[in-house]
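User: I am new to this structure and would like to learn how to read its features step by step. Could you take me through the packing of helices and the surroundings of the ligand?

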Amino acid sequence: MVLADLGKSINQAIGGLVSGQQDVDEQALDGMLNEVSKALLKHDVGLRHVAALKKNIKSSVNLENTPPSQRKNVIQKAVFDQLVALVSPTGEQTESAVFKPRKHKCGVIMLVGLQGAGKTTTCTKLAIYYQRRGFKTGLVCADTFRAGAFDQLKQNATKAKIPFYGSYVEPDPVVVASEGVNKFKKEGFEVIIVDTSGRHRQETELFDEMVQISAAVKPSQTLMVLDASIGQAAESQAKAFKEASDFGAIILTKMDGHAKGGGAISAVAATKTPVAFIGTGEHIYDLESFTPQQFVSRLLGIGDLQGFMERMQSLKLDQKDTIKNIQEGVFTLRDLRAQLQNIMKMGPLSSIASMIPGLSQFADQMGGEEPTNRLKVMIFAMDSMTNKELDSDGQILLREPSRMIRIAKGSGTSISEVQEVMTYHGTMANIVKQVGGRNGMLNQMQNAK
Ligand code: GDP
């Protein structure tokens, strides 16, 4: 996760308060605050915001009136609270900034942001978010400046089965936006998401266009899409957009990368605008609603079970057939592929681990190669299998190795990678044979569906 190192440095600074053994006094507190400040600055959080955080922690901790045994906890809580305040600039942000549509009413969401920030990708992610919650959702491409913008949106929307509107011939984005929104409104759509241009010959033209589109479609919410990996530039970029479009909330994208990300935090603080969502990958499901407490919990490795549950619920994993097979003691290659695809839907395993208390250290240890890349290769190999092979117990492939060679060639994988699939499948099939039919837990899983 972006800022994972920051979380680690802050934890180390707090941890150092007790490992020093002696009582936590003002001097130890100052030392810790200096360490925390250094870590924040190193990760691109602006100096002004760091100074304010330091001052607020210091004034909220009263060491004199706190028994020595409780001092560390009190300080820890103060750091947590101030980090939460830093990412919830509207003060005590208890309400989520996510727009809440109403059934049978029409809500329009307009996305603004610079080209490359992830706007078009995020539009589809957002549409899926609302569609999965039962709202009739449509996408409008009002970016007529960039050639190919409509094609990109169309491709994403088609893949996700979201209705879309755009034009290859109309050059005026205000006209396209109005037509699209009016069309979807007439058809009873409940959430209409408008993608806008992120680049123009002149910055002023871009901002003028945003204002005109906004006046034409009257959005219920304007969201600024901000790339979290651009460092300190995030703050000035967000300020410029805020002046022009007065967006109501921010979506921070590319939070899955290794960039410092503190610039995005400064942008949130400087524009006094809440974050509604974070983008955590290139996949269409990689979008999470944002709440400051959950975010800081994950940052500090305390875990985010609520986020984890939300992610699991939103996936709608399809495993009815597999469960039936397993109950009968059968596990085909198709079952294996379905299971691996389910795991892939959860997103990068390192980000899942960071949501589970106690597993965040494990996420760090995974470092290097993301394990889901290995799974992807296995799925590619299985995609090149025939139906007969997929529905088999794998013996047919083991008996006729020429099939494995064909699969490797067809999928662009190596023979040893296909063999790895077979070995893994063999292990799983054996387990299933042993437990199949008798396992009460599986019945419970099915009943819970
Ligand atoms: P736009 O120009 O603002 O519409 O940006 P695009 O939607 O075309 O995205 C630019 C690039 O960023 C694409 O390669 C996307 O796949 C990538 N991207 C968008 N959101 C995320 C994210 O949350 N994580 C990662 N890793 N990549 C993202």
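Predicted model: local features only at pLDDT ≥ 70, side-chain atom pairs only at ≥ 80, totals over all residues.

User: How is the packing of H7 and H8 described, and at what angle do they pack?

Analyst: In general, two packed helices are described by the angle between their axes and by the distance between those axes. Here H7, residues 173-186, packs with H8, residues 203-217, at an angle of about 25°, and the axes are 9 Å apart. The two helices are therefore roughly parallel to each other, since angles under 35 degrees count as such.

User: Which residues of H7 and H8 meet?

Analyst: From H7 come Pro173, Val174, Ala177, Ser178 and Val181, and these meet Glu209, Gln212, Ile213, Ala216 and Val217 in H8. Sorted by class, this contact has seven nonpolar residues, two polar and one charged.

User: How many residues surround the ligand, and which are the closest?

Analyst: The ligand is surrounded by 18 residues, of which Gly118, Lys119, Thr120, Thr121 and Gly279 are the closest. Helix H5, spanning residues 119-131, gives the most to this shell, with three residues. By class, the shell divides into twelve polar, five charged and one nonpolar.

User: What does UniProt place at residues 274-287?

Analyst: An unreviewed UniProt entry places the feature "domain: SRP54-type proteins GTP-binding" at residues 274-287. Over that stretch the chain is 43% strand and 0% helix, while its end C-alpha atoms lie 16 Å apart.

Conventions
Residues numbered from 1 in each chain as written. Axes fitted to C-alpha atoms, helices over the stretch in contact; angles between N-to-C directions. Helix = DSSP H or I, 4+ residues; strand = E, 2+ residues; numbered from the N terminus. Parallel < 35°, antiparallel > 145°, perpendicular 65-115°, else oblique. Contact = placed C-beta atoms within 7 Å. Nonpolar A, V, L, I, M, F, W, Y, C, P; charged D, E, K, R; others polar. Near = placed C-beta within 6 Å. UniProt positions renumbered as here; feature names shortened; annotations may be inferred.
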